[in-house]
Amino acid sequence: MDLIDDQQPQQERSEPCPGTLYIVGTPIGNLGDLSPRAKSILKNVSLIACEDSRRSGKLMKIIESKVPLLSYHKHNFKSRQSQLLEILESGGSLALISDAGLPGINDPGQELVHAAKSKSYEVICIPGPCAAITALVISGLPSERFCFEGFLPKKQSIRKKRLEDISQEQRTSVIYESPHHLIKLLEDLSNLCGNKRPIQIARELTKRYEESIGKTIEEVLRYFIVNKPKGEFTIVLGGNSNNNNNNRISESEALNKLHELIKQGEKSNIAARKIAEETGYEKKWLYSKLHKKLDK
Ligand code: SAM
């Protein structure tokens, strides 16, 4: 009953409305995921701003939309903004789409939404597929609270810090990565999080060769060393269950455990990693303490 009541006003409201910016979700691989409402908006707005007009042109051809396309991407968004807002100013309607998925999620969109809202134009989302959410809900990992990391920063020092933060994060993390850098990312995660951390990698979501690869970092690394990564990937990493300060053992207890393991013959970097996994203290921190002690 609720569904019908909720749908009624939407059917009565004729869309697109003048002076409105529509943020439209498009398929991430399967054309069947374009909603009827998205299709109708894309056939009836005054203009469509898109990342790549050649790519979106193909989608428009399929749905038989004759609406003009204007490129809007990370290199021209500043100069395009006023041109796009003029459409709304003159009582037209505007749709924003990205190459795939939801605009604004690691795709251009946020600035245009901000600019439109700051001039009091209405902004409406026509929801559609999003790789991050799709991967999260099929991962089987906790989804009550999660963090979206998108692509990790390219600059090494910032990337390293971000990876350290992720290794300590208690919530499930969702990461985008290209196939060329997937193994490096998994190696980095393995060094910081330990091999046993739960992980699910969603490959080619909604497409013909869709698959989910898990369960631990160790297993997926082994899998991708044999099966060269190809296609699109979204990584869902389980949280650090040891990083709960209330349950943490003290620093000196963690260091004692580390010395004990080394006494038993374990190499210091491996011992630091194992104790980091067990206690939730950072491997780097444990390792640095170890060397301070040995230097004395
Ligand atoms: N805005 C998009 C969304 O809502 O999903 C994300 C765009 S981001 C530039 C592209 C990244 O999303 C890819 O490199 C990949 O990590 C992830 N992705 C997109 N499509 C995917 C798919 N079909 N399967 C798995 N991951 C995908």
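Modeller: Cys-130 is buried, at 9% relative accessibility. Buried means under 20% relative accessible area, exposed means over 50%, and partly exposed lies in between, using a 1.4 Å probe and protein chains only. This is a predicted model, in which local features need pLDDT of at least 70 and side-chain atom pairs count only at pLDDT 80 or more, while totals for chains, interfaces and linings use all residues. Residues are numbered from 1 along each chain as its sequence is written, and side-chain values use heavy atoms, with hydrogens and water left out.

The sulfur of Cys-130 has its closest cysteine sulfur in Cys-125, at 10 Å, which is too far for a bond. A disulfide is a pair of cysteine sulfur atoms within 2.5 Å, and a search of the whole structure finds zero of them. Cys-17 is in no disulfide either, since its nearest cysteine sulfur, again that of Cys-125, is 15 Å away. Cys-17 is buried too, with a relative accessible area of 18%.

Now the sheet. Five strands form an open sheet with mixed pairing, in the order β6-β7-β10-β8-β9. Strands (E, at least two residues) and helices (H or I, at least four) are DSSP runs numbered from the N terminus, and two strands pair if DSSP finds at least two bridges between them. Strands pair through backbone hydrogen bonds, either parallel or antiparallel. The edges of the sheet are β6 (146-151) and β9 (211-216); each has a single partner strand, so one side of each has no neighbour in the sheet. From one strand to the next, the twist averages 15°. Such angles run from 0 to 180 degrees between N-to-C directions, and the axes are lines fitted to C-alpha atoms, for helices over the stretch in contact.

Contact means heavy atoms within 4.5 Å. Helix α9 (residues 217-226) packs on the sheet as well, touching β8, β9 and β10, and its direction makes about 130° with that of β9.

The largest nonpolar core has 19 residues, and Leu-186, Leu-189, Ile-199, Ile-201 and Phe-224 have the most contacts inside it. A nonpolar core is a set of buried Ala, Val, Leu, Ile, Met, Phe, Trp, Tyr and Cys residues joined through side-chain atoms within 4.5 Å. Two or more residues each come from α7, α8 (182-193), β8, α9 and β10, and α8 supplies the largest share, five residues. Leaving aside neighbours within four places in sequence, Leu-186 contacts Ile-199, Ile-201, Ile-217, Val-220, Leu-221 and Phe-224.
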